[in-house]
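Here are my notes for you on this model. Have it open while you read, and take the points one by one.

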Amino acid sequence: MIFIPIATREGHPIFKNGLLGGKVDTGAEDHRHPKSFEMLSWQSNFPVLGKTSRITRVRKTRTSMVAAFSSSHLHQRSLRYAVLGAGFAGLSVAWHLLEHSPIDLHVRIDVIDEIGIGGGASGVAGGLLHPYSPKVKPLWLAAKCWEETLRLLSIAETNNGVLNQNSNVFVARRKGILRPVVSLKNMSVMSDNAQNSLASCRIRSIDEDAARSLVPNIAVPSNLAFYMPDAVNIHPQGYLEALYLACETLAKETSSVGLGEKEINFHKRSIDHLLELEGEYDAVIVCLGARSTFLPELSGKLPLRTCRGIIAHLHLPDNIREELLGHSPSILSDAWLAIQNPRNLYLGSTWEWKSCNYSQNASMEEASKALEELIPKASAVYPNITKWAFDGARAGLRAMPPLTGNGSLPLLGQIDDLIGQTHKSKFWLFSGLGSRGLLYHAWLGKLMAQAVIFCDEDVIPSELTSWRPKLIKKG
């Protein structure tokens, strides 16, 4: 029974030297949004997806709104961005805004979140990072997303030593993920998919004996399990805090080598209306996840469903011999077990649809109900989970996007038309990461930042912006 107590920075791939070629259109009266111009060179290798094709080669690109100004003009004003939300989406966008802005440009980024860094669903995510669907098929553009997330993870890990010099908090546990097959229904399809795994995240098909060498006493009902040795278990809160520190470090380093000052600040405050920020910022990027749906300007206009999930923290009591090994991978099944160390793990997750409760605090009633649901699922593959003691529970409100032919994809794009009325600031949305936030946040955050800098939505894949015209048409 469960015991339940009562109480590296890698440079600037786009604007490497902060120098851009081309002529400036000086006919614009409003210097807040000068017209863009063509660059003479392009040093980034990211793919750009146009509106008419999945992936197209870059033929024509645009620069930042302010990169067109003379260097003397850059010293007279700064470009201000507001990033609403300090989770996976928000901090990825903040990092890439700093990384891809030309070094001669003054940039100030305000990250705004009423709860704090990692205070939303991102901070209590399971942290199991891999690029596959439940049928072990690579997800949409999995290879690119996987590559970019590992890169951002490495940047955060570099800063984690500074953040946690006297702490055991880790950013990533690289012991892989094990997925036992519990049903014969899709076993053949899964086996076929496993043969086509990514070279950068391999899948090995193993039997029960091999699985037990990784996780003692694990149950593999079909005698088949898929082992992903390259998959990663991320500590979400540790990762997000380290990533924000990386943003601060990048801003200081960039300011020291360029003419333009870079600045990032965190503000713990609530935003009741987007138009509160009108005129104060050149661009506002909404990265609030499920909380985006509560903003009056966006309420009822986003094709997102909210879902509250409960995650339980369990530990092995001192009087019980350790069973998990130091190299034991985390486990994926109908319930997942994110192993922190041989005596601590997180168990998740429940799904409460249409919830509006975005508090991370879970009541004892919620926790008890969650354990009643999750323990039987977990014990089907790890029977000894019943020996573990309950340490507490936390919750997150996910923003679940609609299902498309490419899976459930996040929502990105300009939202000026959704907000209505004429305004000087540009408004953007990056939301709906759902249960794939870790995989998608890095690359999509990069594209979002580039779209904002270029003031050009065309750098965003059309699969991620197709939701918007339909809604605008309805309105």
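1. Let's start with the rings. There are six aromatic pairs, counting rings of Phe, Tyr and Trp (its six-membered ring) whose centres lie within 6.5 Å; planes under 30 degrees apart are called stacked, over 60 edge-to-face, and the rest tilted. Take Phe-88 and Tyr-239: their ring centres are 6.2 Å apart and the planes meet at 45 degrees, so this pair is tilted. Phe-88 sits in helix 2 (residues 88–100) and Tyr-239 in helix 6 (residues 236–257), so the pair ties together parts 151 residues apart in sequence. Helices (H or I, at least four residues) and strands (E, at least two) are DSSP runs, numbered from the N terminus.

2. Before you go on, a word on the source: this is a predicted model, where local features need pLDDT of at least 70 and side-chain atom pairs count only at pLDDT 80 or more, while totals for chains, interfaces and linings use all residues. Residues are numbered from 1 along each chain as its sequence is written, and side-chain values use heavy atoms, leaving out hydrogens and water.

3. Are Phe-88 and Tyr-239 buried or exposed? Phe-88 is buried, at 4% relative accessible area, and Tyr-239 is buried too, at 1%. (Buried means under 20% relative accessible area, exposed over 50%, and partly exposed in between, with a 1.4 Å probe and protein chains only.)

4. Now look at Phe-294 and Tyr-358, with ring centres 5.7 Å apart and planes at 35 degrees, so this pair is tilted. Phe-294 is partly exposed, at 34%, and Tyr-358 is partly exposed, at 28%. The charged end of Arg-291 also sits over the ring of Tyr-358, 5.8 Å from its centre. For that label, NZ of Lys or CZ of Arg must be within 6 Å of the ring centre and within 35 degrees of the ring normal. Arg-398 does this with Trp-351, lying over its face at 4.1 Å from the ring centre.

5. Which residues of helix 4 (residues 187–194) are buried? They are Met-190, Asn-193 and Ala-194. Down the helix axis they fall within an arc of 100 degrees, so they line one face of helix 4; the arc is taken from the directions from the axis to the C-beta atoms.

6. Finally, check Pro-329, which is buried at 0% relative accessible area. Pro-329 lies 155 residues from Arg-174 in sequence, yet 8.3 Å away in space, C-alpha to C-alpha.
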